[in-house]
Amino acid sequence: MCEGPSSRLICRPPGQTAQRGVLLPSRAIRTPLSAPLTPAPEQQSRDIFFTGIGHFEAGRLNEARECFERCLALTPGRPSVLGNLGVTLFRLGHTREALPLLQQATAGEPGFGDAWAGLGLAHEAHGDWAAAVQALTKALAIAANLLLSA
């Protein structure tokens, strides 16, 4: 659909309306330009997660912990976040706090080898040898499968 004088013809597909010289879909949500654009919780969580990974790899474990805790608040129950927070807590010496997180991570993502390894080490730290052997055996099996499939 086109309208206007031939020298300033404005064309738009059906279902769109012109408003103040701007073409907008007729069902568009109009927000003030001053409204801040905030990403969806999943995107915020992803960005914070990768920041946390950077902190972890640089040895800034307290900062990594804060990032992973913020991720968990945005996207509860995500195995990757649970596992990374659990491993971080384990490395900080908070093994009692790490155990349930690592158990949730391995239950939610049975192929998460790092979470199984962290769970095994956390069990070992508490003297639960049978559970430690079981979790570490699972971690080794996952690692072996990854090597064989590469």
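I started with Thr-95, which lies in helix H4 (residues 95-108); helices here are DSSP runs of H or I with at least four residues, numbered from the N terminus. The model is predicted, so I kept in mind that local features need pLDDT of at least 70, side-chain atom pairs count only at pLDDT 80 or more, and totals for chains, interfaces and linings use all residues. Residues are numbered from 1 along each chain as its sequence is written, and side-chain values use heavy atoms, with hydrogens and water left out.

Is Thr-95 buried or exposed? Thr-95 counts as buried because its relative accessibility is 13% (buried is under 20%, exposed over 50%, partly exposed in between, with a 1.4 Å probe and protein chains only).

Next I checked its partners. Leaving aside neighbours within four places in sequence, Thr-95 is in contact with Leu-89, Phe-90, Ala-125 and His-126 (contact is heavy atoms within 4.5 Å). With His-126 I found a side-chain to side-chain polar contact at 2.6 Å (N or O atoms within 3.5 Å, one able to donate a hydrogen and the other to accept it).

Then I turned to H2 (residues 61-74) and H3 (residues 79-91): their axes come within 9 Å and cross at roughly 150°. They are therefore roughly antiparallel (angles over 145 degrees). Among the residues that meet there are Phe-68 in H2 and Leu-85 in H3.

Last, I looked at H5 (residues 113-125) and H6 (residues 129-149), which pack at about 160° with axes 7 Å apart. H5 and H6 are therefore roughly antiparallel too.

Terms used:
Axes fitted to C-alpha atoms, helices over the stretch in contact; angles between N-to-C directions. Helix = DSSP H or I, 4+ residues; strand = E, 2+ residues; numbered from the N terminus. Parallel < 35°, antiparallel > 145°, perpendicular 65-115°, else oblique.
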